[in-house]
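Please keep the sequence and the model open while reading.

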Amino acid sequence: MVFRRSARRMRWLGCYRLGPVWKALLIFVVIAFAGQLLGVIFNKSWMQPERPHSIYSFPSENSLGSCQPHTHIMFLKTHKTASSTVLNLLYRFGEERGLKFALPVGYQFGYPLPFIAQRVKGYRGPHVAEFDIMGNHMRFNKPEVEKVMPADTFYFSILRDPVALAESSYAYYKNVAPAFRRAKGLADFADNPYKYYDPRVRNNHYARNLMWFDFGLDHTSNFSFALARRGVAAVRRNFKLILISEYFDQSMVLLRHALCWPLDAVVSFSLNARQQMPSGRSGWVGKAAAPAPLALTDKQRLKLREWNSLDWHLYQAFNLTFWQDVERFGRSRMESEVALLRTKREVLTRICLRDGGRPIEASRIRDKTIRPFQSGLVKILGYELQSGLDNATWEACLRMIRPEIQYKDLLDLRQFPRAQQPQAAGGLLVKREPSVLRNEDRGGKRLVEKDWDGTILFRNQSLEHIDSKVRLR
């Protein structure tokens, strides 16, 4: 029976188009997956984890020998760098293993102010309460982070080409950063950024050297090689691994070996992606397309690179380090693991997602609890799950597509039930961020995300009908 079902699934996966090696690999993957599901169905004790589990697990592929998985992890979540996808991996890993998260009182750790330990919910003083994973947005401040996280914490982050980041930042923060808001389009901004940019104006940090800023470095200083070298050296001291967004799959392989994690722990779907299409067109298109306000000439791209010169220097330095790490890891070994990771992602896409895994507009997602936030010029896309999934598979697939804000709320509610209030550090009052408010709007509830000074950044309408799951402060 198992093999007949597996054969039908293989025809469904379209394996007749693949070569014999890939057929064999996919047959192994699907049969192993079917075996786990059957174990769940028939309640085999050896297949029953105490906590939420991954959809499948292949010990021979996942094992990294005698090393022990890192469970104390700090991820500096830089903006617009695929960091939401990385945070989802951390959320899943921690949830499946019952780890404790260092969560913000709102959704960010007081950003864009430098991080302080009192921004962590439940913090009661240096190392009074132990946290395992930290990964929400902050402006990095190592001495304060060290008050929260254990001494053996693994620190890592991710970078992206500054020009691509500028395109994404402009689209997302158009209505937040005054420098972007005043410009007619990104090309107009690139031609003369000084016309629109004033470093003294709140939220203009989104418009220049944003990664440099997130690392806690001075992003307004004029570029000099001495300054750039000092910044790179500071990042090297504080972080054990820097991933590169453009080489995400290779980054995941390096990350999983650095953390001694199983390969399936770093399999993911792209989250918080924006719709790549000009206004007036319908349907989702590939990442080569761009909305008209974001279109750039080669000259303008060079200007943006010069404008973000500190970010560019940081990116170049760690892109070089990244490929040196790949060489040490082994090119052929890397290609093999990347191929396996992509195969697993393809299998999970077919199992979990509707429409062949193609991201869709939030308004088309029938389950409102997994609709992503909307902000800026373009639409933020999400996914729909396949119908007819059994409970265990449905829950595992849901964790992979659950948007960041909703996932944080879920973890927050589990760590801090409504009846339990976190205590202030040292008996002192901890200032609570007014990051989530309830407003009435035409009879419906909205959640409003505010900046550190009370400025409204964006409104969330995706959680409006599950207030019972959202903790309002």
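Asparagine 209 sits in the loop that runs between α8 (186-191) and α9 (210-214). The model is predicted. In it, asparagine 209 takes a positive phi of about 45 degrees, although it is not a glycine. Is asparagine 209 buried or exposed? Its relative accessible area is 1%. The cut-off for buried is under 20%, so asparagine 209 counts as buried.

Cysteine 260 is another non-glycine residue with a positive phi, here about 60 degrees. Its place is the loop between α11 (248-259) and α12 (298-307). Cysteine 260 is buried, at a relative accessible area of 9%.

A cis peptide bond links tyrosine 111 to proline 112, with omega near 10 degrees. Proline 112 belongs to the loop between β2 (101-102) and β3 (133-134).

## Strands and their pairing

Start with β1, residues 73-76. Ile73 and Phe75 point one way from this strand. Met74 and Leu76 point the other way. All four are buried. In a regular strand the side chains alternate between the two faces of the sheet.

Which strands pair with β1? One is β3, in the parallel sense, over two bridges. Within that pairing, methionine 74 has methionine 134 of β3 as its bridge partner. The other is β4, which runs parallel to β1 and is joined to it by four bridges. Here isoleucine 73 stands opposite phenylalanine 154 in β4.

Strand β4 covers residues 154-159 and also pairs with β5. That pairing is parallel too, over four bridges. Phenylalanine 156 has leucine 241 in β5 as its bridge partner.

Strand β5 spans residues 241-244. Leu241 and Leu243 point one way, Ile242 and Ile244 the other. All of these are buried.

## Helices α13 and α14

Two packed helices are described by the angle between their axes and the distance between the axes. Helix α13 covers residues 309-329, and helix α14 covers residues 331-352. Their axes come within 6 Å and cross at roughly 95 degrees. An angle from 65 to 115 degrees counts as roughly perpendicular, so α13 and α14 are roughly perpendicular to each other.

Which residues make the contact? From α13 come Trp323, Val326, Glu327 and Phe329. From α14 come Arg331, Arg333, Met334 and Glu337. By class, the contact holds four nonpolar and four charged residues, and no polar ones.

## Disulfides

How many disulfides does the structure hold? There are two. Counting bonded cysteines along the chain, they follow the pattern 1-2, 3-4. The table sets them out.

| Disulfide | S-S distance | S-S torsion | Hand |
|---|---|---|---|
| Cysteine 352 and cysteine 397 | 2.0 Å | about -65 degrees | left-handed |

Cysteine 67 is partly exposed, with a relative accessible area of 34%.

Now the disulfide of cysteine 352 and cysteine 397, with sulfur atoms 2.0 Å apart. Where do its two ends lie? Cysteine 352 is in helix α14 and cysteine 397 is in helix α15 (residues 391-401), so the pair ties together parts that are 45 residues apart in sequence. Cysteine 352 is buried, at a relative accessible area of 0%. Cysteine 397 is also buried, at 0%.

Definitions and conventions: Residues numbered from 1 in each chain as written. Predicted model: local features only at pLDDT ≥ 70, side-chain atom pairs only at ≥ 80, totals over all residues. Heavy atoms only, no water. Buried < 20%, exposed > 50% of the residue type's maximum accessible area, 1.4 Å probe, protein only. Pairing = 2+ DSSP bridges. Axes fitted to C-alpha atoms, helices over the stretch in contact; angles between N-to-C directions. Parallel < 35°, antiparallel > 145°, perpendicular 65-115°, else oblique. Contact = heavy atoms within 4.5 Å. Nonpolar A, V, L, I, M, F, W, Y, C, P; charged D, E, K, R; others polar. Disulfide = S-S within 2.5 Å.
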